[in-house]
Every structure is written in C-alpha cells, then in structure tokens.
Amino acid sequence: AVWVQLSRSAAERESRGPSVRQVPSMTISHVFLAVLAGHAVHANVAGTCTNHTLDFILLEGDPLMAQIEDDIVADLARVGVSVRTRFLPKADFNTAMQTGDFNLCFTESWGPPYDPHSYATGWFMPRQEAHYAAMDGLEPPVTKAQLNELVTNVLSEENEVERQAKWTEILQEMHAQAISNPMWSRRVPAIWNKRLHGYQSGQQQFDYPMHTLSAASGSTTMTVAPAAQTGLFVTAGRLDPHSYRPNEFFLSNWIYEGLVQYGENGEIQPALATSWTASDTTGGGQKYRFTLRTGVTFHDGADFNCAAVKLNFDHVLQPPLASGDYHGWYHLPLHITGWACDGETFEVTLDAPYYPFLQELSLIRPLRMLSPDSFVNGSGTDPVAYNSCPVPWGFINMSVGTVNCAGILGPHGTGPWIFNGSTLRNDDSIAEMRFNRNAAWWGQRGNVDAMVVVNYPDSDAIKQALLDGSLDVAVGPVLRPQQVQEFQTQHAATHSTVLGPRLFNQIVVMNANKTPTDDIQVRKLIMHSVDKSAIVEKEMFGQASVADALFPRDFPYCDIDLTPRWDYDFEKATLMNCPAAVDSPAAPESPGDNTALILGLCLGIGLPAIAAVGVIAFCMGKRSGYDQFKGEESQRRKQENPAPYVVGATDKSGEQQSV
C-alpha cells in the first residue's frame, strides 16, 4: 500500500520514494496514481497555511550554526513559514542584535557564575544581548520595567526560600512570554595526548585549567589549541585584567587572579583571599572582611598585599566606570559603596544585602589583580588621571565624574602562568604565544614547565596536529562535534577526551518587538515547529542535551518545572498555522482521519483493479516472470541496505569501522 505523509515535504517524499525498476504494470499504476493524489493533497495543505517570513541573523563563519539554521528553516517550511537568513560579520551582527533588527537570533546563556542573576540583569542593559531589544514587546500585563524590578529585588533577597520563589516567578514569566526557544545545553570538550594526564574541567566559560596537567613522558612543554571568543584562537587582545574584548578571557584567567574563585557545584573557594566574613551594617547594608593570602608575589616580583588590592578596586570602581557602558552590566559595582584596608584585612561595604557578591568577585573580569608596578605610575597611580582602563576608551566624562584611560604597562598578575612573548607572522598575526610556569604560585599544579598556544587556520588542521603529535591539547569547541566523537571512538588508545559540565544553553531569541514575531502565537508556532531532539541528535554527536529552559536545571534556582511546555508538536503547529488543512477532508491532521489514505487507495487500487479484469489471463501467463522479478528485487534490496555500522565495532581484521 502507498500513501502520502502530509508531515513530509514533497522533496523529502520524492527522495524516499520507491525505486521503479521493472515493476509490473499493476504496481506502476498503484504508485503513479497514489503519488498524483498525494501531490494534490500536499498542494492543498500548502495553500491553506498563513504566510510568515522571518528575518534570521547569523554570525558568518560558523559552520555548525549554519547547519542548524538549515534544519530550523526546513522545519518551519513544513508549516508554511519562510525564512530570510543573513550571515553577518561580527560588527554587523552585534549591531543588528543590539538594535532589534531581527526576528530570530542565536545567543547563549553566560554560564556559571553568571547565571541566572548576571544574565538576567543583562536583559535590561542596552548593547548587551538580543533579549534587550526583543523584550520591548512583552505581552501585557507585565512590562519590561516590571520584570527589571523583579530581577533587581531578588538579588537582595536574603531568605533562601523566598529567593527561590522569586526566581521561579521570574523564570516562569519569561517562559510564558515565549521569547526564548532553548535548543540545547552545551558542554566544553577537552582532548589531550595520553602522554599527559590529570586534566580537570573548568567550571566557567573560558576556564581552561591547564596547570592541572602533568607530563608522564616526553617534553614538559605542551602545545595547546584553545577556543576563543570568536571561535579559534586568533588574537590575545590587550592582556589587561580590567576590561573586555578584544581581551581573550582564557588568557586573563591564566595570568590574573581574584580574591575568590568559582568551584564545582557553585562553591565559592579561596584564591587570593583565604577566608572572609560578612556582617550587617547599621545602615541596612553589609560589610565583607577578607583575610588575604600571605607570601604571594606578582609575576614582576612586586608583593601582593592589601594596598595592591585596594589599588585595583580604586581603578575598576571609579564612578564613571560603574555605568552600563562599562562595568555596570552587572550589579556589583552598583552596590559597593566603599573599600579600605584594616591592616592586611581588606574590607568591602555594600549598600544592601546582595547575594551574588562573592559569585561576581569570582568572574574572570574585571576585578582581577594587576601588579602595582604595572599601573602607569606604579603603586601611586591616580585612578582618575591615569586609570588602568584601556586607552581606546579615551577620556570619559559623566555627571558623576571623569576618568582618563591610560592602560597598563604589562600583563603581570599572580596566576599559574607567566606570559613569555609571542611569535608573529609576516602579516603581524599571531602564530603562537608562550607561557612559563609560575614557580612561585601558591596553588597545586602538575609538572608542565611551559605552554605554547598555537594558532591554527581551522578545525581540520587542529585534528591533524593532534593525530600527528605536534599538538598536545585541544580545549573548548575548536573541533566540530563529529570530530570530537571520532577521538572518543576511534582514537581512545592515544587520546583522552572529556566533555566537561553543562555550562550554558544555546537559545534562539524571538524578537517580540518586530513583525511577525511580535505576535505571541507566531512565537509559539515556531517553538512547536522546530524538532530540537532531531537537530541535537543529527548535529551534536552526543555532546549536548536538549534544553527546555533558559538555564540548565542544575544552575542555582533553576530546577523548576515551567508550564506550558513548548515542545515540538507538528500536529499542533499545523493546527495553529494551517487550520484549513486540518479541517479539510483532503488534508487530515488527526490520526483518525483517513480521507487522504482512502483517496490514495481508491485511485491507486480501485481503478487498476477494474482494468485487471480484462488482462487477468495475461497476468497469470507472466507469473513465472514476476516470481523471478521478486527474487531479483529482494536481492537488490539486501545489497542496498547492508547491516548498519555499530559505533566502536571492529571488522574481521580488527580495524575499527567508520562511524
């Protein structure tokens, strides 16, 4: 029997249709007439859908996102939604995202220790992420200002139970607005040559703890290909600890340290401070007292002490820099009202309880410690006239004061790695960067003495370098998912692979302030139309899991059930956008409606059966020939459908089969 599945496009049906090879006339007529009927039904369905055209912006040069965009576009086409995709260079992509010039846009949560609190405050910061513009069209009665107030209030909630209740309200409201379509939870892979051992995955984005590795054989210098903000490692940026792009955060994390660090399961652990206490102030705020680690020196030999900590706070927290254009994207600078040294104890005063305070001190920027000798005028550098902010920021003049950005003299922190120069190509691009082990570092580490960070043109070059032994470690998403799987399944004898914890969710933001996604029913339609499970299975090769919320469930305050569920549901999507097709007897949506099947069978069987009465003798005369055809056809199908390969299986020679 032959019938047409309305859930498949005409092209897909044709690609999966039967192969016509010496088929008897009766079978040909069955197929021909049934396919004609099916095409008529498909045309009827296509003509009944409401036409929507979406503007989808993507960052150019990202082949994985381009493949996933293809999958999303195909899913939407099945319910009559067309997509106009624009692949944009970084600057143009950022402009379109920040100004709301899109219907669909890929983004991702920031991961720990930012989520959910810092990411949520970013929703209301201009020139931050796609949500800022997309949320201008929130469904009433809630407004963007009201949601901002909810987020601000929860950050000062001291009661753990009440804090959970408030986060549940915020996340449920964002879920109900149907602005974000979470796609999958992403992990950070690391692959290393088995001559090395001891690697431990980092707990935040761009946290690559290379100091944990030891060499069991060969050189104690290791080569590394790390993922960067733009994909593959290309540039180091300014290498200063107090600003953002084009600094590469993984490099800053190797060189500089903060008072505390973010550990497994969200535990705040000692770093340059060994302990701390918090107490309430008479004015309704809080005071933190940090006991500082002793015997620590900066890479240039300067002593780490309370005066050095205060100097860094003096520069980073100058009032003009607390605005949203600079460090005000997170709330810590807004709550700190004072800092001082009490002997070698560092004190910080907040205007109100602020529960993420320690988490935000653990961020890779901007409150990492720079050597006093690396400020422009040393330990006495004026934070107003010669601030450590980067020179391109220029002279900042605001109502709260002025700051002149003078930059720094050199990248000298207290971290486990000391910068030891770069090798440039003829075009001044970086070929490699070198780092030496900080022998005076206070923490535990492996026996690797030096590290070379290498720039490669693409993931294929990184894969080949791993295989030929010239590259020891690839960390972060520098290989395509299928390449990572190859190392897991085909090169386990020579290389170790870990995927790391789930750090962030990949999200498609739907702009609620631009037609047609300003209609919440269109946003719901998109979510019900996109088969996330199929996309993750096809494109991610076991390195991601399907997401159903903005943040992974194991993030603080995020282990909640959000309703209603915006799951993939093709029948519901068809009902929403092609209701006439559902109601039409020619295009059933319900499994119980067999009109199309009856039509196909009537045309494909009834009419040929009448013709068969006149030629029955002829058919019987060809019985032996038809039996021969069946035997040939059976053999052909066996040849065309061999037994499937099994991942990790071996053939008779003992060689691993292809995946």
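For residue classes, Ala, Val, Leu, Ile, Met, Phe, Trp, Tyr, Cys and Pro count as nonpolar, Asp, Glu, Lys and Arg as charged, and the others, Gly among them, as polar. This is a predicted model, in which local features need pLDDT of at least 70 and side-chain atom pairs count only at pLDDT 80 or more, while totals for chains, interfaces and linings use all residues. Residues are numbered from 1 along each chain as its sequence is written, and side-chain values use heavy atoms, with hydrogens and water left out.

A search of the whole structure finds three cavities of 30 Å³ or more, a cavity being a set of points on a 1 Å grid over the protein atoms alone where a 1.4 Å probe fits but cannot get out. The largest cavity holds about 80 Å³, where volume is the space filled by probe spheres set on the points, joined across faces, edges and corners. It is lined by 14 residues, of which Val188, Tyr199, Ser201, Gly202 and Asp207 are the closest to its centre, lining residues having an atom within 4 Å of a point. That lining comprises nine nonpolar, four polar and one charged residue.

Turning to helices, which are DSSP runs of H or I with at least four residues, numbered from the N terminus, the axes of α15 (residues 520–529) and α17 (residues 570–577) come within 8 Å and cross at roughly 150°; axes are lines fitted to C-alpha atoms over the stretch in contact, with angles from 0 to 180 degrees between N-to-C directions. Therefore α15 is roughly antiparallel to α17, a term for angles over 145 degrees.

Terms used. 1 Å grid on protein atoms, 1.4 Å probe; cavity = no way out; pocket = protein on both sides within 12 Å on 5 of 7 lines; lining within 4 Å. Helix = DSSP H or I, 4+ residues; strand = E, 2+ residues; numbered from the N terminus. Parallel < 35°, antiparallel > 145°, perpendicular 65-115°, else oblique.
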